[in-house]
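Please keep the sequence and the three-dimensional view at hand while reading.

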Amino acid sequence: MKNIFRSKPLNNSVIFIDESSTQKDRLQTFSDMKKIILRERARSDRHNHEFSIIVIDIEKFDQENGVLDHFVQILGSRLRMIDEIGWYDKNQIAIVLPYTPPEDAVQVSEDLTKMIDAAIPAQLSKILSYPS
């Protein structure tokens, strides 16, 4: 049975969230990630807060046997609903972490490394933050 709960946003409209099917089950396209990063940059400038990006090198993945899908599921299990996962370039996936300073992104990266290393060989190649 699916776990569905009600959420009441600021505008008093009611939305239903299905926890069993989240946006974390799929990767955003490269063009969508570019838009997401630009959106977060504008939001950061407007509200004077930081955001971070974790970039993961997946060049060595065996993408034919569902490894990438399993990897995305692992990432999605650790991330917040506001975080975004998608293609950064041909061999890299990025995780956009809104409202996250670099030191918190390091902690997320360390947690992900522990989770990923147990299942899949991946390399967290860098952490970017804005403004920096």
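## Local geometry and overall packing

Asn-48 counts as exposed, because its relative accessibility is 70%. The model described here is predicted.

**Backbone geometry**

- Most residues other than glycine have a negative phi, and most peptide bonds are trans.
- Asn-48 is not a glycine, yet its phi is positive, at about 55°.
- Tyr-99 belongs to the loop between S5 and H3, and with a relative accessible area of 44% it is partly exposed.
- The peptide bond that leads from Tyr-130 to Pro-131 is cis, and its omega is near -10°.
- Pro-131 lies in the segment after strand S6, which covers residues 123-130.

**The nonpolar cores**

- In soluble globular proteins, nonpolar side chains tend to be buried together.
- The largest nonpolar core of this model has 18 residues, of which Phe-71, Leu-75 and Ile-95 touch the most other members.
- At least two residues of this core come from each of strand S3 (51-57), helix H2 (67-78), strand S5 (92-98) and helix H3 (102-117).
- The element that gives the most to this core is H2, with five residues.
- Which residues does Leu-75 contact, if its neighbours within four places in sequence are left aside? They are Ile-56, Ile-85, Ile-95, Leu-112 and Ile-116.

**The strands**

- Strand S3 is largely enclosed by the rest of the structure, because six of its seven residues are buried.
- S3 pairs with S5 in the antiparallel sense, over seven bridges.
- Within this part of the model, Val-55 has Ala-94 of S5 as its bridge partner.
- S4 and S5 also run antiparallel, and five bridges join them.
- The bridge partner of Glu-84 in S5 is Val-96.
- The hairpin that joins S4 to S5 passes through two residues.

**Helix H1**

- How far apart are the end C-alpha atoms of H1? They are 26 Å apart, which agrees with the 26 Å that the 18 residues of this helix (residues 30-47) should span at 1.5 Å a residue.
- The buried residues of H1 include Met-33, Ile-36, Glu-40 and Ser-44.
- These four residues lie on the same side of H1, because they cover an arc of only 70° around the axis.
- An α-helix has 3.6 residues a turn, so residues three or four places apart point the same way.
- Lys-34, Lys-35 and Arg-46 are exposed residues on the face of H1 that is turned away from its buried side.

**Helix H3**

- H3 consists of 16 residues, and the distance from its first C-alpha to its last is 22 Å, close to the 22 Å expected at 1.5 Å a residue.
- Ala-105, Val-108, Ser-109, Leu-112 and Ile-116 are buried in H3.
- Because these residues cover an arc of only 105° around the axis, they are on the same side of H3.
- Glu-103 and Lys-114 are exposed on the other side of H3.

- Arg-80 is situated in the loop between H2 and S4, and at 34% relative accessibility it counts as partly exposed.
- Asp-83 is found in the loop between H2 and strand S4 (84-89).
- Is Asp-83 buried or exposed? Asp-83 is buried, because its relative accessible area is 1%, under the limit of 20%.
- The side chains of Arg-80 and Asp-83 are joined by a polar contact of 2.6 Å.
- The side chain of Arg-80 also makes a polar contact of 2.9 Å with the side chain of Thr-100.
- Arg-80 and Leu-97 are 17 residues apart along the chain, and their C-alpha atoms are separated by 8.5 Å.

Note on methods:
Residues are numbered from 1 along each chain as its sequence is written. This is a predicted model: local features need pLDDT of at least 70, side-chain atom pairs count only at pLDDT 80 or more; totals for chains, interfaces and linings use all residues. Side-chain values use heavy atoms; hydrogens and water are left out. A nonpolar core is a set of buried Ala, Val, Leu, Ile, Met, Phe, Trp, Tyr and Cys residues joined through side-chain atoms within 4.5 Å. Buried means under 20% relative accessible area, exposed over 50%, partly exposed in between (1.4 Å probe, protein chains only). Contact means heavy atoms within 4.5 Å. Two strands pair if DSSP finds at least two bridges between them. The expected span of a helix is 1.5 Å times one less than its number of residues. The arc is that of the directions from the helix axis to the C-beta atoms. A polar contact is a pair of N or O atoms within 3.5 Å; within protein, one must be able to donate a hydrogen and the other to accept it, and residues adjacent in sequence count only if both atoms are side-chain atoms.
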